[in-house]
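I opened my notebook to look up a few local features. My notes follow the structure.

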Amino acid sequence: MAYRLAVSISSTAPVRVFAMLATLTLLVAATIAPAAAEPRIVYIAGDIAKGTADSGEELTARLIESRQGLVITAGDNVYENGTLTEFRTLYDPTWGRFKNRTRPTPGNHEYYTPGARGYFDYFGWRAGKGTRGYYSLKVGNWRIYALNSEVCETKVGCGPGSPQYRWLKRKLAKHNAFCSMAVFHTPLYSSGRHGNEPRVRPLVQLLYRSGAELIVNGHEHDYERLAPARPWGKIDRRKGVQQIIAGTGGAPLRPEGAKKAAHSRVFSDDAWGVLRLGLRKKSYTWEFLPVEGKTFTDKGERRCHGKP
């Protein structure tokens, strides 16, 4: 962009003219300088639509409906059996109001219907290719991997020879993103009723080795944030993967289980709500947004670290 400045210069006032030119230069530079890139906003929660007097999916839906941003579900989208009828009668009137900007992941309740047919029929292409239940998204310069943790609990598993493991390993190498994260239903570590699930560890190991920043889960009906750690639970604040459980989409909340995760940092069973992520070029912010009438929150910021 070019600017032509017409200035009448007097031989008796050179200092004043140069000062004026300097001021104009600064003003022009301030006018045309690009604004700082806004973060890409993502809202995540799991364990959502139950349709009972003690569930809160309508309240969490209102939180998201009034805000712009991508929505990712963390499994158990509808109860009890994940049928297409349940999706149409319980999920669609609430979280279905922003289905056009939602990308889902499946949970164990989806598979109470054989092959999770209700889930795949309802979400269609938004649930990824075919009926495998995993896919990746590019959001700004971030790469998000939506995975299917329920496969890990079958004979197919999630070990090195499994289709999902091979797919994830290939995609991580291909994308080589400096900032990446994953969303899937069942957490590796948890202080909730279900506790730890080691069968998802092979996927977490791949994510850790590739330098992933964050994993968001559901399954437990609570909010929990764990310290950045290696796949075997050792805290690693520089290169570890941070894990957040946001099973607060509307299903009745539950208290802590019998054993607290060693690297748990924040736990709450007080409020339904959604996790808000702000994805920037080399960092991210997180904030738990509670439903109206609740005050619990948890927020922070972390820089991307790349491969360990």
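**Notebook: loops, a helix and its strands**

I looked up His-219 first: His-219 is buried, at 11% relative accessible area (buried means under 20%, exposed over 50%, partly exposed in between, with a 1.4 Å probe and protein chains only). His-219 has a positive phi of about 75°, yet is not a glycine. I found His-219 in the loop between β7 (214-217) and β8 (223-229).

I noted the ground rules. The model is predicted, so local features need pLDDT of at least 70 and side-chain atom pairs pLDDT 80 or more, while totals for chains, interfaces and linings use all residues. Residues are numbered from 1 along each chain as its sequence is written, and side-chain values use heavy atoms, leaving out hydrogens and water.

Helices (H or I, at least four residues) and strands (E, at least two) are DSSP runs, numbered from the N terminus.

Next I checked Asp-76. Asp-76 is not a glycine but has a positive phi of about 50°. Asp-76 counts as buried at 1% relative accessibility. Asp-76 sits in the loop between β2 and α3 (84-91). Glu-80 lies in the loop between β2 and α3 too. A cis peptide bond joins Tyr-79 and Glu-80, with omega about 5°.

Then I turned to helix α2 (residues 57-65). Its buried residues are Glu-57, Thr-60, Ala-61, Leu-63 and Ile-64. Down the axis of α2 they fall within an arc of 155°, so they line one face of the helix (the arc takes directions from the helix axis to the C-beta atoms).
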